[in-house]
Each structure stands twice: as C-alpha cells, then as structure tokens.
Amino acid sequence: MFKKDFFWGTATASYQIEGAFNQDGRGLSVWDVFSRWPGKVRDGHNGDIACDHYNRYKEDVKLMKELGINAYRFSVSWSRVLPDGIGKVNEKGLDFYDRLVDELLKNNITPFMTLFHWDYPYELYRKGGWLNPDSPKWFLEYTKVLCDRLSDRVQYYMTLNEPQCFIGVGHKWGGHAPGLRLSDYDLLYAVHNTLLAHGESVKYIRENAKTKPHIGFAPCGIVAIPSTGNDVDAARRYMFDNSDIGRNAVWMDPVYLGKYPKEFGEQVGNLPKIDLDADLKTISQPLDFFGCNTYHGEIVTTDSSGNVITLRKPVGNTRTAINWHVTPEVLYWGPKLFYERYQKPVIMTENGMANCDTISFDGKCHDPQRIDYVHRHLLSLKKAAEEGVEVDGYFLWSLLDNFEWAEGYNERFGIIYVDYQTQKRTPKDSYYWYKSVIEANGENL
Ligand code: GCO
C-alpha cells in the first residue's frame, strides 16, 4: 500500500501550458525562437498560446481541486520573471506565480515548483548559455528571486527538469532548443555548469527559504528491466556504469554521491579552470528526495562474454501514440534501484502516456489505454513500496494536453482534453479514474 500522506499529483511545465508568450512583460525563451525555425517543431507549432494557462489558471486549479490531487508540479518561466534572465525583475510575471501558489494553497494543493523546465532565457543564451562560466551565478540570481518571494508558501522544489534532455537533446543532438550540436569537449562544460547551477540553487534555498524546504531535482530516470532474476546486476550496470550524458550516473552520482562516473570525472577534471573537488562539494548539496521522470525502459541481460545487452521488446508489445513501448515494470525496478543506490525517498515526478484522444459523439473523451497504462505503472510502484522502497509521491504527466516540444500539439498526454481552437477543457475518463484512485489512496488498484 501507499503511505497515508502520499503525494498524488499531476505535472505540467510553463512553456507547454502557459501561452501568453509576450504578455505582461515576459521575455523570450530559447523555445520561443527555436519553435520558429522551419522544420524544428512538427507543423510549425509553438507555445505562443498553448493552453492559455497564464490567463485560465483559476479554472485549471478548480479542475485540480475536483480531481482531488493534494500536490501539483508546475514550472516557472525564467524569462517571465526575469525577461533578460538576470537583472530587472518583471513584477507582473512574478505576480502570476504568487497568485498561482495562493490559488493552490487555497485549494489545499501543495505546490511543487520546478525552477527550470527547458525554457531558458534567450538573452542568456546569446551570452553563451550553459557554456558561460557565469551560468551558475545566473541561475542563482533567478533562484533568489523565486525563493525570496515564494518560499514563505512553497516548500517543495525541483531545480532542474531532465538535464539529459535540455543538455543532451538541446546541446548535443540539436533536436530541442537551442538546437546546438556542441563538441564533446564543450558539452563537458555545459554539463558541469548545469550541475553547479543546481548546487548553488540548492544551497541558497536551504539557507534562505522562509519555511522548511524539501529539495530535489527531476532528471530522466533511465530504467533497465532485468530479463530474468539473474539479470538484476546487468540492470544496475546498464543504469549506472557509464559516462553517457543521456543516462543516469553523469547527473545523479555527482548530486547524490559527490562524484562523477570515473571516465567523465577524469575528462571534467582535465578541463582548464575547473576546481573539481570544490565544485563537487557545491554540486552535492544534500537533497531531501529522489525525483525522476520515467515513461518506459529497456529489457537487459548479458551475453556470453558478460557484456550487458538490451533485448528487443516482444513482437507486438503495446506502444503509446508517441510510439514509446509500454513497460510497466519500470516503475518497480526504477524506484527499487534508484533507492538502493541513492538512499533517498523516491517521488515519481513524471509518468504518463500519449494517446490518440478525441471527443466522442457523447461529448466525452474515452481513454481506456491511458487508464490501463497508469494502472499498470501504479501497481508496479505500489509493489516497490510494499517491498520497502520509500515512495513518497506520483505526479501524472500531464494535467492538460499541451505543447509536446518537437511534436507540437500532435501528442496528447493530458487527463484533461484541451480543444486548442476554443480552449475548452474536457476531463477524460482517466481523470475520473485517477480521482477514484486518489480517493482510495491506491487501495482500489
Ligand atoms: C519530459 C518533459 C515533459 C514531456 C513529457 C512527455 O519528460 O520530456 O519533462 O515536458 O512533455 O515527458 O514527453
């Protein structure tokens, strides 16, 4: 069973739902610019309007209240609060988050605030972005603005969302904003500065928050499922024994264990002007929970030489609309192996699925595939909890259909259907199902 004070939530992100891209003094983010590059986002979609959450947040919080969640994970648009990324604060932008937090608390919903979820200020990108050695200081300045204004009411923080994506996809492979393909050498600086920014942010919040802070971050949780009972160590090796910026250890080991994976650490240590020991002390500020976003995983075993190999999924294995495999065991093996390695209470900061949702003749949105997906994943998470993993929460991605990055609005992840022509919200069948699960604290799974 799940603990009695389990966090049942939903998750969203600023650029994906807010819209109001040029309203009330918001500055540009790299996604405002990148989404205007021809061919970068399917069908040329962008977040200019999205779900217009900036103007409709009260309606959306009412839907959260009716859903019965006790926690809501949102992110702050850095350039809405600091249009140039540093310097002058946009008071109207900061006021929005002030009002959002108050609306959540008025409805007994605990705010979980992600400081950065990919919408990096364009003006800072023009100054070198994560490559600039001042980038940790910039993030610290941003942290101060949010902490000083909101920490009297916000107690749960995630500094960064999925650095594997915004550095990997955004700075190595180029498929996300800002669309860079940096050299491996430059990527070392981008990774290291990102983690330094995280550490500086945690330190400031820990020392200055006006109420007791609970701090984590929300990396991708890359999970391996052992093919047989003899493959658990192969799963550990797949998940942790590497220096791949697209996996776990490069990001999680420095933060939770105070050291990089061996090969990566040697490379960073060889960079000029890096004091690795001092930096790792900053990066590994103590955290209160282990958050991660997990949607699917690999099945692993070893070959005759003892090398870890991944197995093809069984022919016909269920996939979601975005073509990701359905592998529910990831929410057993992920929490289990992350908890074993990092010894922190686990919060699934994202899990969910894209579905070919539509409004039926009866005016409803029937999404049995999403109910099945979430049901199976919650059963896995519950099994991990019952076997002794400290599991503190689950945030379903997402509350609303929204802007799915390079896929634009072509993928629907929400438990609430959004008609982008009218902005009408229609709770899907999964919304009502999730409501019943929350009411039963998962006992009806
Ligand atoms: C991520 C991001 C979300 C995505 C969601 C579906 O995990 O990639 O945090 O912004 O929209 O995961 O891809």
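Pro-178 sits in the loop between α8 (163–173) and α9 (184–208); helices here are DSSP runs of H or I with at least four residues, strands are runs of E with at least two, and both are numbered from the N terminus. This is a predicted model, where local features need pLDDT of at least 70, side-chain atom pairs count only at pLDDT 80 or more, and totals for chains, interfaces and linings use all residues. Residues are numbered from 1 along each chain as its sequence is written, and side-chain values use heavy atoms, with hydrogens and water left out.

**Cis peptide bonds**

- Going from Ala-177 to Pro-178, the peptide bond is cis, with omega near 10 degrees.
- The bond from Trp-397 to Ser-398 is cis too, and its omega is near 15 degrees.
- As for where that one falls, Ser-398 belongs to the loop between β11 (391–397) and β12 (416–419).

- Glu-162 isn't a glycine, yet its phi is positive, near 50 degrees.
- You'll find Glu-162 in the loop between β4 (156–161) and α8.
- Lys-273 is not a glycine either, and its phi is positive at about 65 degrees.
- Look for Lys-273 in the loop between α12 (262–269) and α13 (276–283).

**Buried or exposed?**

- Glu-162 is buried, at 8% relative accessible area; buried means under 20%, exposed over 50%, and partly exposed in between, using a 1.4 Å probe and protein chains only.
- Lys-273, with a relative accessible area of 88%, is exposed.
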